[in-house]
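Dear colleague,

Here is the structure I promised to hand over. Please look through it first, and then read the notes that follow.

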Amino acid sequence: MATPLLPAGATTGDSGGELSSGDDSGDMETDPSRTLAELFEKAAVHLQGLVQVASREQLLYLYARYKQVKVGNCNTPKPSFFDFEGKQKWEAWKALGDSSPSQAMQEYIAAVKKLDPGWNPQIPEKKGKEAKSGFGGPVVSSLYHEETIRMALWILLISLFYR
């Protein structure tokens, strides 16, 4: 299952332009032909290796900007009270308001750069055995365990109610 930070097969549309030297994405060296959308896609791919070192707040920040780029302004109803994670994601995305995709891309790239200051988007990501293992072993989602616990609690509550 793909993470919400980079859904499988996700691509960037026509939004975005080129990074100017006045942006706040750190001291990234940019090739003039490199578009903001390409850098955003590279940052999204690179983030997959950083998920376990990022805090929940950082992941929500990145999620909101990713959704702003890929979908636009928040256009879904607020999740139910009991969907804690969904509600947090929705609130983070909704808080961006009318933020432009270009601004969201710049903020996303800057946040990934802050998580991994040594990341250079000009260097291609290595795959498989070539990949550096600087951030540890396999990524294991705790979401599965949270959902399992949540479902067990619901079953317990329902069984108590119908006794």
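**What was found**

Ser 99 counts as buried because its relative accessibility is 11% (buried means under 20% relative accessible area, exposed over 50% and partly exposed in between, with a 1.4 Å probe and protein chains only). Please keep in mind that this is a predicted model, in which local features need pLDDT of at least 70 and side-chain atom pairs count only at pLDDT 80 or more, whereas totals for chains, interfaces and linings use all residues. Residues are numbered from 1 along each chain as its sequence is written, and side-chain values use heavy atoms, with hydrogens and water left out.

Ser 99 lies in the loop between helix 3 and helix 4 (helices are DSSP runs of H or I with at least four residues, numbered from the N terminus). Apart from neighbours within four places in sequence, Ser 99 is in contact with Gln 68, Asn 73 and Ala 104, where contact means heavy atoms within 4.5 Å.

The largest nonpolar core has 20 residues, and Phe 40, Leu 47, Leu 62, Tyr 108, Ile 109 and Val 112 are those with the most contacts inside it (such a core is a set of buried Ala, Val, Leu, Ile, Met, Phe, Trp, Tyr and Cys residues joined through side-chain atoms within 4.5 Å). At least two residues of this core come from each of helix 1 (36-47), helix 2 and helix 4 (101-115). There is also a second, separate core of 7 residues, which includes Leu 60, Ala 64, Trp 90 and Ala 92.

Best wishes
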